[in-house]
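Please keep the sequence and the structure in view while reading.

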Amino acid sequence: MSYDKPIRRVAIVGTGVIGASWAAQYLARGLDVVATDPAPNAEANLRKYVDDAWGLLTSIGLSPGASRDRLSFTANMKEALSKADLVQENGPERPDFKIRLFADMDVATPVDSLIASSSSGITPSVMQSECKHPERIVVGHPFNPPHIIPLVEVVGGTKTSPDALKQAMAFYASIGKKSILLHKEMPGHVANRLQAALYREVMYLIEQGVLSVADADDAVSWGPGLRWGVMGPSLQWHVGGGAAGIRHFMEHLMDPLAGMFKSLGTPNITPDLKKTISDGVLAEAGDRSVERLAKEENDVLVGLLALRSGRKPAARNA
């Protein structure tokens, strides 16, 4: 079956932080959004999230037709999905729950519409296992928060159609996302695995008494993290190789780096280590709440994205 029909109406299943952020993103791109969630106060919480996010989305730039008025809500999932061109699922990260949910969504969604999951770790082969139309099931995993961070990891299961993957990639790109295609299923996909690999070494260095929690954060955010906001590590090694680029790096610098690989460690995650890191993080945060830290981060990210796109960051009311 072809999945190339225009996507104009998106159904959001599950309106927690990720689902609400996706809803804001789709509205900002001029799409109709119908959301569903059985939780108490779900609609009010969703609309507040969208309202709070709209200032940042406006500074990023709204698409023609973008409007918060295009958001509707129903507690009836079948009603929400009945006319959806694409479903973005954001339910609890439990395999048994996902399997049942996807089987139910599969029945309720038009057969030529894609069903995408925001799952950060469960593979699509698991989620599509009880579906009658598993060929249109994909993972479209965002990096949090979806309405700001461009990355989306797209991966299919063993029964996913190549046409469905092609349509998912094209759709996410059309709304301004940086979509990457994973050719194999992996627990945690890719970006979270990269984060986990780095944080394993951060925890090991703290456990070994090499540096404090705050200094470990500074070592990333004021060093390689700045570069990673511009280009990825392989391309950076190309730059680091000088005029001969990556070939010089591989021939002359990779062996010493490989030697360092052998010294990387795995921490013993003890209660004491957890307390050390927790205490260090709270001291680093000081009197800044989680909400304030998130706002500060989002403001800087929007500015960085504007610089990367070659446009001047827009002024925004506080």
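A residue counts as exposed when its relative accessible area is over 50%, as buried when that value is under 20%, and as partly exposed in between. By this rule N41 is exposed, because its relative accessible area is 58%. The model is predicted, and the values below are computed from it.

**Backbone geometry**

- N41 lies in the loop between β2 (32-36) and α2. Its phi is positive, at about 65 degrees, although N41 is not a glycine.
- H189 also has a positive phi without being a glycine, with a value near 60 degrees. The loop that holds H189 runs between β8 (178-181) and α7 (191-207).
- N41 is exposed at 58% relative accessible area, whereas H189 is buried, because its relative accessibility of 2% is under the 20% limit.
- N144 and P145 are joined by a cis peptide bond, with omega at about -5 degrees. P145 belongs to the loop between β6 (137-142) and β7 (151-156).

**Buried residues and their surroundings**

- T15 is located in the loop between β1 (9-13) and α1 (17-28). With a relative accessible area of 9%, T15 is buried.
- Beyond its neighbours within four places in sequence, T15 is in contact with A20, A35, T36, D37, A42, L46 and F73.
- S125 is part of helix α5 (residues 124-127). The relative accessible area of S125 is 19%, which is under 20%, so S125 counts as buried.
- The side chain of S125 reaches the backbone nitrogen of T158 at 2.9 Å. Apart from neighbours within four places in sequence, the contacts of S125 are G157, T158 and E185.
- V154 sits in strand β7 and is buried, at 0% relative accessibility.
- Leaving aside neighbours within four places in sequence, V154 is in contact with V139, L165, A168, M169, Y172, S179, I180, L181 and L182.
- V154 and G188 are 34 residues apart along the chain, and their C-alpha atoms are separated by 12 Å.
- V202 is found in helix α7 and counts as buried at 13% relative accessibility. V202 and V107 are 95 residues apart in sequence, with a C-alpha to C-alpha distance of 45 Å.

**Packing of α2 with α13**

- Two packed helices are described by the angle between their axes and the distance between the axes.
- The axes of helix α2 (residues 42-60) and helix α13 (residues 290-308) come within 10 Å and cross at roughly 15 degrees. Angles under 35 degrees count as roughly parallel, and α2 and α13 are therefore roughly parallel to each other.
- The crossing of α2 and α13 is right-handed.
- On the α2 side the contact involves L56, S59 and I60, which meet N298, D299 and V302 of α13. By class, the residues in this contact are 3 nonpolar, 2 polar and 1 charged.

**Packing against α12**

- Helix α8 (residues 213-221) packs with helix α12 (residues 271-285) at an angle of about 70 degrees, and their axes are 8 Å apart. Angles of 65 to 115 degrees count as roughly perpendicular, and α8 and α12 are therefore roughly perpendicular to each other.
- V213, A214 and D217 of α8 meet T276, I277, G280, V281 and E284 of α12. This contact of α8 with α12 has 4 nonpolar, 2 polar and 2 charged residues.
- The axes of α7 and α12 come within 11 Å and cross at roughly 100 degrees. That angle makes α7 roughly perpendicular to α12.
- From α7, the residues Y199, M203, I206 and E207 meet L273, T276 and I277 in α12. Here the classes are 5 nonpolar, 1 polar and 1 charged.
- T276 and I277 of α12 take part in the contact with α8 and in the contact with α7.

Methods:
Residues are numbered from 1 along each chain as its sequence is written. This is a predicted model: local features need pLDDT of at least 70, side-chain atom pairs count only at pLDDT 80 or more; totals for chains, interfaces and linings use all residues. Side-chain values use heavy atoms; hydrogens and water are left out. Axes are lines fitted to C-alpha atoms, for helices over the stretch in contact, and angles run from 0 to 180 degrees between N-to-C directions. Helices (H or I, at least four residues) and strands (E, at least two) are DSSP runs, numbered from the N terminus. Angles under 35 degrees count as roughly parallel, over 145 as roughly antiparallel, 65 to 115 as roughly perpendicular and the rest as oblique. A crossing is left-handed if the near helix is turned anticlockwise from the far one by less than a right angle, and right-handed if clockwise. Contact means heavy atoms within 4.5 Å. Ala, Val, Leu, Ile, Met, Phe, Trp, Tyr, Cys and Pro count as nonpolar, Asp, Glu, Lys and Arg as charged, and the others, Gly among them, as polar. Buried means under 20% relative accessible area, exposed over 50%, partly exposed in between (1.4 Å probe, protein chains only). A polar contact is a pair of N or O atoms within 3.5 Å; within protein, one must be able to donate a hydrogen and the other to accept it, and residues adjacent in sequence count only if both atoms are side-chain atoms.
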